[in-house]
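Trainee: Could you show me how to read the way helices pack and the way domains meet, using a structure as the example?

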Amino acid sequence: MEREIHIEPVTRVEGHGKITLHLDAKGNVSDARFHVTELRGFEEFCVGRTVWEMPVLTARICGICPVSHILASAKAGDAILAVRVPETGLLLRRLMNLGQLVQSHALSFFYLSAPDLLLGWSSDPAKRNVLGLAEKRGDLVRRGIRLRAFGQETIERLGGKRIHPAWAVPGGVNRPLDRADRDWIASRIPEALDTVRATLDLFKKTFATAEECALLGDFPSLYMGLVASDGRWEHVEGVLRVVDANGKVLVDGLDPARYRDVVAEASETWSYLKFPFYRALGYPQGMYRVGPLGRLNVCDRFGTPESDAELEEYRGRGSGRTGRVFDYHYARLIEILASLEQMQNVLQDERLLSPRVRAEAGINALEGVGVHEAPRGTLIHHYKVDENGVITWANLIVSTGHNNLAMNRSILEIARRTIKNGVFDEGILNQVEGGIRAFDPCLSCSVHAIGRLPLEVQVVGPEGEVRQRLVRD
Amino acid sequence: MDLVIGIGNPLRRDDGIGPRVAGALEGSAFASVCAVQELVPELALRLREARRVLFIDAEVNGPNVRLGLVEDSPSGLGHGFAPRDLVGLSREAFGEVPEAWTLCVPGVDFGYGEGLSDRAASFLPRAIDAAARWLLERT
């Protein structure tokens, strides 16, 4: 007879979900499922609105990644207008997305994950948060706060506000950057670089062994992400690349508008989150990962000196392209470093201050795709419109969806390793949650849920009776 | 300089009363005023620059407008921050904590939509008056 353990909701992720661990008669884990339990159906809300409204409308999907939705939506709009965005508009979009990567990765690492990593998986749950971390590592938290604030301020100076800026539009952006704001952003980068360098050093010293790094699962999968035409790390423009677990390139140079050539979507009755998979391998064998780990595993190099050195060291520690879920944290820190270096390059480009930031046109195509690298991974906006630019169909594939199969695999590996003969405690369950948290999933985006519920863990016996129940508020 | 933070989402009816009250104080010579949908750790950077801080927030089915000192113990946070969590974080990370107060304003309707319920709207003048007095009486 089987029994089940439920973890609901998963904490310290955006939105909420539930984990069910199925135990066999001996109390060992036979299956694990990450359920996303709410549906808000944003694609349907988009139908009937105009393409010009879409960046502002879809930005409201999420309070963490509004910038990513705005930029992906604007890119889909570029395709429908069939315009070439002015160079300055592209640079400004690039700068904003780099600021977004910094702030979102800082949030994920310093506020959400560092408490587990530095205080311990089984430390007092009441203290295992950013406030508890501040008591022990005040300097680290202080630096993390300032780093995230820098990313947020960058977004605000570009877009007028830090959350839901109505700034990127089909054809470009709606206002140029002034010199004072450019200089302010540039002046803060040295401190931000110092912060991420120190944090990378701390991370590498703290998690030096293979056992520690395999804690959250280590399994092969494919990886997908944008790369530049020469194979460099890319996040705004570029082409799609898919590699296998050994780094062998399976798909390269794919026009992002043809994403359906490689990505198909499955669904399961037990979750509202779709299960994208690599079409050529089928479901579920076509599991792939996106996000920081995916991007590091698909790119050849960053093209900036410090992050390239870090990438080389990272690949040396992982014996090539790592499949360890834990390395999402490591990759996230490297991407902060790369983002800051690339921000420096963009800020030195004099074209950045040009007032020519937007191309204007009417409807010149009835379909458009915008693919963009959000902090959590590849974000796809695909629209069809009528002759007036009114949306008749929309499909959104968000980063968390791409990672759905891999998140389920991660929690299965953790649960099988830690739960034996039905014995578990809060610390072990927090590790299971940590497997999800490493992906930094945004459930608000993926199915658009908000809110928080108490955490409930149940062990259900063969007759359906609750044998054990843990609740945390 | 004092800091006034209105907390809430104006698209969730009475949840927007904190930003509404804070907005009435904008332009004050005595305070820096901001509105946020929720508290976030970065606000600790603003707290450390403030002499005093007033958090203005809606209270579900509260009996009346209430002004009080922020409790000096964290709530055991998870997904969200309470004022006492932000104050605690500011203390631990930056070592400096302003005198912190909350102004709670009753709300009954937190559904989707703009504008306040009749009950919340009835408390709005009293809440603005209490916030203005807080600013003036303690400067």
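Trainee: How are helix H7 and helix H11 of chain A packed, and at what angle?

Mentor: Two packed helices are described by the angle between their axes and by the distance between those axes. In this predicted model, helix H7 (residues 179-206) and helix H11 (residues 327-347) of chain A pack at an angle of about 155°, and their axes are 9 Å apart. Because angles over 145 degrees count as roughly antiparallel, H7(A) is roughly antiparallel to H11(A). The crossing in which H7(A) passes H11(A) is left-handed.

Trainee: Which residues of H7(A) meet which residues in H11(A)?

Mentor: On the side of H7(A), the residues include Ile185(A), Ile189(A), Leu193(A), Val196(A) and Phe203(A), and those they meet in H11(A) include Leu333(A), Ile336(A), Leu340(A) and Met343(A). Sorted by class, this contact of H7(A) with H11(A) has 15 nonpolar, 2 polar and 1 charged residues.

Trainee: Which domains does the assignment give for chain A?

Mentor: The domain assignment gives domain 1 as 3-39 + 408-472, and domain 2 as 40-407. Between them, 35 residues of domain 1 of chain A are in contact with 37 residues of domain 2 of chain A.

Trainee: Which elements give two or more residues to the side of domain 1 that touches domain 2?

Mentor: They are strand S3 (29-35), helix H13 (404-418), helix H14 (426-437) and helix H15 (443-446) of chain A, and H14(A) gives the most, with 8 residues. By class, the residues on this side of domain 1 divide into 13 nonpolar, 12 polar and 10 charged.

Note on methods
Residues are numbered from 1 along each chain as its sequence is written. Chains are lettered from A and ligands numbered from 1 in the order in which they are written. This is a predicted model: local features need pLDDT of at least 70, side-chain atom pairs count only at pLDDT 80 or more; totals for chains, interfaces and linings use all residues. Domain bounds come from an automatic or database domain assignment. Two residues are in contact if their C-beta atoms, placed from the backbone, lie within 7 Å. Helices (H or I, at least four residues) and strands (E, at least two) are DSSP runs, numbered from the N terminus. Ala, Val, Leu, Ile, Met, Phe, Trp, Tyr, Cys and Pro count as nonpolar, Asp, Glu, Lys and Arg as charged, and the others, Gly among them, as polar. Axes are lines fitted to C-alpha atoms, for helices over the stretch in contact, and angles run from 0 to 180 degrees between N-to-C directions. Angles under 35 degrees count as roughly parallel, over 145 as roughly antiparallel, 65 to 115 as roughly perpendicular and the rest as oblique. A crossing is left-handed if the near helix is turned anticlockwise from the far one by less than a right angle, and right-handed if clockwise.
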